[in-house]
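The paragraphs below lead through the model shown here, beginning with a single residue pair and widening step by step from there.

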Amino acid sequence: MTNSWTDIKNTDLVVIMGGNAAEAHPCGFKWVTEAKHHRGAKLIVVDPRFNRSASVADYYAPIRPGSDIAFLMGVIRWCIENDRVQWDYVRNYTNVSHLVREDFGWADGMFTGYDAEKRSYDQTSWEYQIGEDGFVLTDETLEHPRSVWQLLKQHVEVYTPEFVENTCGTPKDRFLKICEMIGETSAPDKAMTSMYALGWTQHSKGAQNIRGMAMLQLLLGNIGIAGGGMNALRGHSNIQGLTDVGLMSNLVPGYLAMPRETEADFTTYMSTRGNKPLRPNQMSYWQNYGKFMVSFLKALWGDKATAGNGWGYDWLPKLDIVQYDAMRMFDMMKNGKVNTYFFQGFNALLSFPNRAKMTEAFSKLKLMVVMDPLATETASFWENHGIYNDVDSASIQTEVLELPTTCFAEDEGATVNSGRWLQWHWAGATPPGEAKSDVWIMSQIYLRVKKLYEEEGGTAPEPILNLSWDYENPEEPMPSELARELNGRALETLYDPADPTKVVLEAGQQLSGFGQMRDDGSTMGACWIYAGCWTEAGNMMARRDNSDPSGMGIFQNWSFAWPANRRVLYNRASCDPDGRPWDPNRTLIEWNGEKWAGADVPDIAVTAKPREVGPFIMNPEGTGRFFSRRLMRDGPFPTHMEPFESPMANPLNPEMRGNPVARVFADDLEKMATSAEFPFVATSYRLTEHFHFWTKHNRVNSVTQPEFFVEISKELAAEKGITKGTRVRVWSARGEIWAKAVVTKRIQPLICDGKPVHIIGIPIHWGFKGAARKGFGSNTLGPFVGDANIETPEFKAYLVNIELVEGNA
Amino acid sequence: MTERARQPVTAAANPPVSPLDSNLLPSDVVQASAISNTPMPDRLLDSVAKLIDVSKCIGCKACQSACIEWNDTYPEIEENVGVYENPHDLTPDMFTLMRFSEYENPESGDLEWLIRKDGCMHCADPGCLKACPAPGAIVQYSNGIVDFISDNCIGCGYCVTGCPFNIPRISRTAQVSKKCTLCSDRVAVGQGPACAKACPTQAITFGTKESQIALADERIADLKSRGYENAGLYDPQGVGGTHVMYVLHHADQPSLYSGLPDDPRISPVVAGWKGPAKTAGLAMIGLAVAGSVLHGIFAKPNAVSEEEEREAEDLVGDSRKEV
Amino acid sequence: MRRVYSAPGDRIETRRPVTVSRYRGFTRVNHWLAAACTIVLLLSGLAFFSPPLFFLTALFGGGATTRWLHPVIGIVLFFSFLVLFIQLWRLNLPRREDVEWARKTGDVLAGHGKNLPELGKFNAGQKTMFWGMAGLIVALSVSGVMIWEQQIPLWRDHAPVLASIPARRIAVAVHASAAFLMIMLFILHVYAAIWTRGTIRAMTRGTVTGGWAFRHHRKWLRELAGRQGAGPAE
């Protein structure tokens, strides 16, 4: 989230698209209710199903799964055509004036530089024209044919309302009504918020869906303002924390990069980072990259990390490929290239696509270790449960170790919510049986491996032996110790660079912010963005002051929001170029003549003068980007791409299948189905009554939603002779499931490319363990293909078939 | 002696941390089933109400879950029968239920998914209480809560027929009637109902009836501004008003909401046999008994005379003779 | 000689004085079973009928016990009465003399027996009682099972119409009304048995005096006399 849950109450228009906040985030959805009740805000829902969010919406439009980019580009086109643009914002705070290289282009749904063999783009041409001074060439008139503005206009030209209707199945009148409602928020004093979730990410072009809305929000001047922003609704209480602390194979904490094999030493690694500004005066905050990385390395290796050894850079693993995402790991596992796997709070048998492939992969493991508070299906993947898990147990030789862990309510620590708030929590219950905290388990493994290294030696002992492990109880570090380490502290006395006589921090004191980090080894901090969470003043995450003097839901003294306790990112953009708020009734910060001040922490150097420094300080341009350069693998503009399994050809290029650079493996691609055999579109989702695959273990949740079902329209039901509550079989090119049928008016067949498209809704919550009835999830059927940038599986749009079955199995 | 709990303000209020004495006492009962002369309480509690704003409700069932948890009930894990209602109906272990109906609005052409939290309405004139034959099994407190006192309940099910909203359910194990208590045990210590506390969108609120009507007015104005011209409050006067009220988008058609009665009232059949007819019947029985006794005392008994005995002998004899 | 006015087992037992066997042992036991059931039902039902009489549940061990006892006893009564019905329905069919007898109810009450027609085993009053009881017991049984809360799931599964709340409301009203009528009949029945001296022994000893039979059911007596005259002498 650029903003926070509580900020949503400040909005004038909520657009829920690519998510279902009422259903999957009911507690956060309260702030939509607040905005509606107290501000008269409107709610628009665009979704394949008339869902729980739609039930309280002011306006609803259906959309075919996987066609969001066409819709969003269509809205952008409409806004440009009808001059619903916040011009002051767009001209000053975005890169519309920047000139793009002459050799960049887009045709037939593809950008320049595609290599079909490698399934990737050569992105050389996706770049600005750089002047001799090292800065981007610009044309403030926006007339230059290579200006981002002109390229954008060209790019969206194809997405007419007719194109949208034909591609998305959204009736034109509904689409236009939504354009109008959205267009109104281009007024400087109007805000629109985008609430999205896995409805946008779980596509082979998920990141581009989100880009599409981000661009629209820039166009309307809705980024950085109260009640605006791009608000990703995280589907798990701490999934934000997971990405923050770098639990991805290609990241280290704080969104720093895991080194590549080609980056043999620290100097090489740093040579492509620490971006220089692309426009004069810009902060280009990543210039501080080295400070964050060195502090991280010091946190890892302590005294062992020195300038002489590149701060222990050598001891970090180096990636030989872009990343080992989960899909790649499971593909490798299936091919016998992985023999041990730890599933830590991860029920992959139900959450990753093509369950048959998962079972096959797990069966190739020698050792599976499952750390979980619950008995997961993954840990029992070898058990035969009839149709619900039809495996030949005798043929599976994998050894499974289950290590019961505590759950969130049984231990202490911080979870990071969607609004980037690190909220400390305390144990509310005693762990049952032999359950141990994850920290205890990991520590025990570490200490035992270390002992083996000490006693027996081995390959590359340094990362283990040099690891800093300075805890009161090495057997189980305390959450407070780990949190203090994430925050970071001074290792030597720090002096003010501007005034060397002035002591900033004594050695051993906690940092009060990432601004104090140094790249000379004098500070340590495991996750730079968390700096400030546990300062000399104590645990900022445990703060529980719910006073809100501004009345804008900022709650500065409730918990801690990264970065720097800032509640609305890019909040400099909430003011006009002279530093006056666009909407004086919703002032986050403003320039008081000397510095930036206000209810929120300014997202800019407090003394940075208006008109000098752009609001998007992380970007070397200082602006928000319509043209995203080489930052995304599938193009600098979002372009409509069909799902890999789609009922229609891509109207921009009938030969193109899915996202041409998506994460897909050759044998999986071959098995993709066509609409000839699998005529219906399946989409997966959550239900309010359950949380993932956890709550089916709970009786109360199981009472409220006891049994697996699929949802279909009355029309499809009539066609297939299915009535409500009967049993159906749904199958894809990868597997089959049995479910009860919910026949509803809330799913309507859509007319796309002149033909009706029927949608089958498949919730995800059932398995063969727990209190609820045995069932399936969507992943049995889903295709093994992931987003081009973030490898999220394409669960939201794929093809299936359905039939009525008699009896119970 | 601990402090007496205050009267509840809102459901959102946090619970007290120290023990409190109940503030909902037997002496606050103003009406009890099968007891005609309830003494007038020496104080009157503020009239309370739960307001269910259907236009804010997302059907998440947090209220159902909270209800199960707070009341410690144990509903069955049923099967899916093709609908979102689970359990499929109110049960003795499920005092409240989200009901879902899909309505195609003929005026706007839009689909509406009308979701209503069903449960006891806590009528000012409770049909259950009227129908109940067991003294004190159903009571009404001066704050409006209608509560079932299981210790006095005989499980006869008359309340089921008395209720205009089809709410009470008889437990097959405990053989007593069960329904929403409006969390009288929470209200007694200054808390609002568990469902209201759990509701994430504050579609369920709780407070004095006056405050809830004021809130409803605010909501109705908002709904009217969004084009719901018939938005209104459901506080049906046919049962004297209720202490659970709805804000409806279509207050002119309550039955759209999964059959919420358009004009609920205690069935005349029930009102009839529980009312004057019963008294008249008893009186007539009494008269019949008294009449018989009087007749027996004052009238000549219908006795057989000696002559008739002889005649019988003759008759019996005659018949022999005849043969 | 075919029986027209009498039931099997009715016979003249002694001739001087005359005693006539009116009800067999089995019938008497069954009658008292039905009577006992009726009394229990009446007391327990009245407890539910009217709050001031709820104290009567104490006789049966409290409200909850009374609640389950009542319908169970109701079933016993139903079958008990069913047997009586099978035994007696034929003799309770209306005959021409019943009309005349009924028209002269005043004479009955005034004791002017001479004006009354000769009757078979049952007079019109008794017949009305019989059919009234039969009808009310059916009505009470049907409405009773409909409001028998513990059986409602059964009706819901097999006869949903019966389980609907409007139907149950009507059933409750029917049950109460029928019970009221039944109570009235019961009072009448009991009082008539007391007022009409010599009647009760028919249901205790099983016999009545000849005079009683002569006075009240002369055709019946004639028939028995006729049949026994034709049969073997004593």
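Predicted model: local features only at pLDDT ≥ 70, side-chain atom pairs only at ≥ 80, totals over all residues.

The strands concerned are E2 of chain B, residues 48–53, and E9(B), which run antiparallel and are joined by five bridges.

These two strands belong to an open sheet of four strands in chain B, whose order is E9-E2-E11-E10 and whose pairing is mixed. At its edges lie strand E9 (204–208) and strand E10 (232–234) of chain B, each of which pairs on one side only. On average, and with direction ignored, neighbouring strands of the sheet are turned by 25 degrees against each other. Helix H6 of chain B, residues 209–225, packs on this sheet, where the helix touches E2, E9, E10 and strand E11 (244–248) of chain B; the direction of H6 makes about 135 degrees with that of E9(B).

In the contact between them, 37 residues of chain A meet 32 residues of chain B. On the side of chain A that touches chain B, at least two residues each are supplied by helix H2 (26–39), helix H3 (52–55), helix H21 (699–704) and strand E30 (736–744) of chain A, and H2(A), with six residues, gives the most. By residue class, this side of chain A divides into 16 nonpolar, 10 polar and 11 charged residues.

Terms used:
Residues numbered from 1 in each chain as written. Chains lettered and ligands numbered in written order. Contact = placed C-beta atoms within 7 Å. Nonpolar A, V, L, I, M, F, W, Y, C, P; charged D, E, K, R; others polar. Pairing = 2+ DSSP bridges. Axes fitted to C-alpha atoms, helices over the stretch in contact; angles between N-to-C directions.
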